[in-house]
Amino acid sequence: MIIQEITIRKMKMMMKHPFTTSFGTMQEKDFLLLEAKDELGNSGWGESVAFSAPWYNEETLETNLHMLQDFLIPLVLGKEIGHPDEVSGLFSAIRKNNMAKSTIEGAIWDLYAKRNKMTLAQALGGERDKIEVGISIGIHERVEDLIATVRGFVEEGYKRIKVKIKPGYDVEVMRELRKQFPDVPLMADANSAYTLNDVELLKQLDAFDLTMIEQPLASDDIIDHATLQKQMTTPICLDESIHSLEDTRKAVELGSTKIINIKIGRVGGLTEAKKIHDYCMEKGLPVWCGGMLESGIGRAHNIALTTLPNFILPGDTAGSSRYWEEDVITPEVVVEDGYITVPTAYGIGYEPNFRAMDKFTVETYRFKAE
Ligand SMILES: O=C(O)CCC(=O)c1ccccc1C(=O)O
Ligand SMILES: [Mg+2]
């Protein structure tokens, strides 16, 4: 296929509920959508999961826009691409900026699947027709409110509850949750809020039979996590620290992690995500698909990835209505009884809802092959 035209939309959407992590609160979501067109007029869609501020990692919406416009788009426009696995090769001279790279690579995967009359899940080698999902719940000032929120999602059928923790909002919160929900799979995500000075405190979490603790220590660490894992029975799951298959291999060899949260944007795209999946499967480590509060486009990519066989644990891919009054795809992503039915239409399997998309588009940038 030849990439003839690329359109980027800068989007602004309000989330239904504020989302608070150990870093702060988000309610407005600014992000990029990218549409790539081939020479036959097919369209593929990708989403940049970078936030407007660099708290999760160093990328932002604006750095992604810069990388896309000035470096990445010129490397694919007018190029003949046989398979999306080739895209990372085209980008090999550009360091890091994984979320920016993933935005184009995702659109090219969608295009490839559509041209070949396959679902994205099939193009990736996925097998499931429905996926099990959990939900990630932000920090609530009052524990009573957290319990009520968790209860609502448990009643909706979500298969696993993840809550954000931070110093001062951890052991007692998890103790109370476990007491209220003795049988629900529970986990905690610290987004790097602790250090090895907190080992004694973190060890107290072992009493609550958590499925895992996600990224307790520094976002760039794989050494201290190994030290911590030796002292805790709760499995550690790395999120922020993993950017590639190589990072995964090193963390696994060191014993820093027993489970991997795969986020497509963080690892630079679906090709790398699949490599990490395959490696973990071979090593006997379960993986699950993380979330970045995506719109329907990024959500659709997450669903397709989660159909691969080693996505054994429920992911953070909740339904559209958990985040948005109105999503940018049709139909929206629906969770029933804790499952999402994998769409059967070609490519990402959902159509863009242009009426909604236009409403949330603040700026459009268009690039054409010569
Ligand atoms: O619902 C989602 O999309 C996932 C929510 C979540 O946990 C999260 C949201 C934004 C940034 C980082 C994370 C995380 O997994 O650490
Ligand atoms: Mg996380």
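Predicted model: local features only at pLDDT ≥ 70, side-chain atom pairs only at ≥ 80, totals over all residues.
Figure 1. The magnesium ion (ligand 2) is coordinated by Asp 189 (OD), Glu 214 (OE) and Asp 239 (OD), at 2.1 to 2.3 Å. Along the chain, the donors of this ion follow the spacing D-x24-E-x24-D. Asp 189 belongs to strand 7 (residues 186-189), while Asp 239 sits in the loop between strand 9 (236-238) and helix 9 (245-254). These two residues are 50 residues apart, and the pair links distant parts of the chain.

**Figure 2. Packing of helix 9 against helix 10.** Helix 9 packs with helix 10 (residues 270-283) at an angle of about 25°, and the axes are 9 Å apart. Angles under 35 degrees count as roughly parallel, and helix 9 and helix 10 are therefore roughly parallel to each other. The crossing of the two helices is right-handed. On the side of helix 9, the contact consists of Leu 245, Thr 248, Arg 249, Val 252 and Glu 253. These residues meet Glu 272, Lys 275, Ile 276, Tyr 279 and Cys 280 in helix 10. By class, the residues of this contact divide into five nonpolar, one polar and four charged.

**Figure 3. Crossing of helix 5 and helix 6.** The axes of helix 5 (residues 143-156) and helix 6 (residues 171-180) come within 11 Å of each other and cross at roughly 40°. Helix 5 and helix 6 are therefore oblique to each other. Their crossing is right-handed. Helix 5 contributes Val 143, Leu 146, Ile 147, Val 150 and Arg 151 to the contact. Helix 6 contributes Val 173, Glu 176, Leu 177 and Gln 180. The contact of helix 5 with helix 6 has six nonpolar, one polar and two charged residues.

Figure 4. Ser 295 lies in the loop between strand 11 (287-289) and helix 11. Ser 295 is buried too, with a relative accessible area of 0%. Leaving aside neighbours within four places in sequence, Ser 295 is in contact with Met 13, Phe 31, Leu 33 and Glu 47, and also with Trp 324, Asp 327 and Val 328.

Figure 5. Asp 38 is part of strand 2 (residues 24-38). Asp 38 is buried, with a relative accessible area of 4%. Not counting residues up to four places away in sequence, Asp 38 touches Met 1, Ile 2 and Gln 4, together with Leu 111 and Arg 115. Asp 38 and Leu 120 are 82 residues apart in sequence, and their C-alpha atoms are 17 Å apart in space.

Notes. Residues numbered from 1 in each chain as written. Chains lettered and ligands numbered in written order. Heavy atoms only, no water. Axes fitted to C-alpha atoms, helices over the stretch in contact; angles between N-to-C directions. Helix = DSSP H or I, 4+ residues; strand = E, 2+ residues; numbered from the N terminus. Parallel < 35°, antiparallel > 145°, perpendicular 65-115°, else oblique. Left-handed = near helix turned anticlockwise from the far one by under 90°. Contact = heavy atoms within 4.5 Å. Nonpolar A, V, L, I, M, F, W, Y, C, P; charged D, E, K, R; others polar. Donors = N, O, S within 2.8 Å, 3.2 Å for Na, K, Ca; no water. Buried < 20%, exposed > 50% of the residue type's maximum accessible area, 1.4 Å probe, protein only.
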